Amino acid sequence: MNEFGLWYCALVLQMWLWILTGLCIITKVHGFASGNFPQSCESMSPDHPQGGLITPPQNTVPPFEVLYQHGKKGDPITVSLQSKQSTKFKGFMLEARKKGVADPSPPVGKFIILDESIRLLTCNGLTASAVSQRNNQPKSLFRVNWTAEGAELDIFFRYLYTCD
């Protein structure tokens, strides 16, 4: 093979390496492009390392509470996560779980966002079965609607939040 042939083969090989590297990067970025972090669905742990360390869960009374308002039978329930004092949170995740089922139980029902700062998540293959924030701007309240989609369920709301 002449010098041009070797140069051409090296160029083609280099081109294919760049294409494969680009495809690998795209698949990694696309993996969480929706903001859904499936490892958090079951554990309800934020998995946000701070300084390389995972922050342990709080074991004191939380500064936030989940409140909900029942509507008419079949209507969505309005659910709020709000601060009890002036504490603000930067991140949150909320799911509805069926009472009396061994933990970890899958989320049930579907959420309906009322504010564009909230995103719907897919957990355990169920679309809109959880909600989370779109950004890390401090907040003291958010509201969403939740529906059991026609099923009669005895549920509880499970949440996590992150603060500074």
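Where in the structure is the place of Val108? Val108 sits in the loop that runs between strand S3 (91-98) and strand S4 (110-113). The model that shows this is predicted. Its secondary structure comes to 2 helices and 8 strands, following the pattern α-α-β-β-β-β-β-β-β-β along the sequence.

**Overall composition**

- The protein has 164 residues, of which 29% count as buried.
- Among contacts with a separation of 6 or more, 61% involve residues 24 or more positions apart.

**Aromatic pairs**

- The structure holds 8 aromatic pairs.
- In one of them, the ring centres of Phe64 and Phe89 are 5.0 Å apart and the planes stand at 90 degrees, so this pair is edge-to-face.
- Because Phe64 belongs to strand S1 (residues 64-69) and Phe89 to the loop between S2 and S3, the pair ties together parts that are 25 residues apart in sequence.
- Phe89 also forms an edge-to-face aromatic pair with Phe92, with 5.9 Å from centre to centre and 90 degrees between the planes.
- Both Phe64 and Phe89 are buried; the relative accessible area of Phe89 is 0%.
- Phe92 has a relative accessible area of 2% and is therefore buried, the cut-off being under 20%.
- Ring pairs link Phe64, Phe89 and Phe92 with Phe142, Tyr159 and Tyr161 into a cluster.

**Surroundings of Val108**

- With a relative accessible area of 17%, Val108 is buried.
- Leaving aside residues up to four places away in sequence, Val108 touches Ala96, Arg97, Lys98, Trp146, Leu153 and Ile155.
- The C-alpha atoms of Val108 and Ala128 are 9.6 Å apart in space, while the two residues are 20 residues apart in sequence.

- Ser83 is part of strand S2 (residues 77-83).
- The relative accessibility of Ser83 is 12%, so this residue counts as buried.
- The side chain of Ser83 reaches the backbone oxygen of Gln85 at 2.7 Å.
- Residues up to four places away in sequence not being counted, Ser83 touches Pro63, Phe64 and Ser140; of these, Phe64 is also a member of the aromatic cluster.

**Nonpolar surface patch**

- Phe4, Trp7, Tyr8 and Leu11 form a nonpolar patch on the surface.
- Together, these four residues have about 480 Å² of accessible area.
- Trp7, one of the patch residues, lies in helix H1 (residues 3-31).

Conventions:
Residues are numbered from 1 along each chain as its sequence is written. This is a predicted model: local features need pLDDT of at least 70, side-chain atom pairs count only at pLDDT 80 or more; totals for chains, interfaces and linings use all residues. Side-chain values use heavy atoms; hydrogens and water are left out. Patches are made of residues with over 30% relative accessible area and no salt bridge: like charges are joined within 9 Å, nonpolar side chains (Val, Leu, Ile, Met, Phe, Trp, Tyr) within 5 Å. Accessible areas come from the Shrake-Rupley method with a 1.4 Å probe; for residues, only the protein chains shown count as cover. A salt bridge is a side-chain nitrogen of Lys or Arg within 4 Å of a carboxyl oxygen of Asp or Glu. Helices (H or I, at least four residues) and strands (E, at least two) are DSSP runs, numbered from the N terminus. Buried means under 20% relative accessible area, exposed over 50%, partly exposed in between (1.4 Å probe, protein chains only). A polar contact is a pair of N or O atoms within 3.5 Å; within protein, one must be able to donate a hydrogen and the other to accept it, and residues adjacent in sequence count only if both atoms are side-chain atoms. Contact means heavy atoms within 4.5 Å. Rings of Phe, Tyr and Trp (its six-membered ring) pair if their centres lie within 6.5 Å; planes under 30 degrees apart count as stacked, over 60 as edge-to-face and the rest as tilted.
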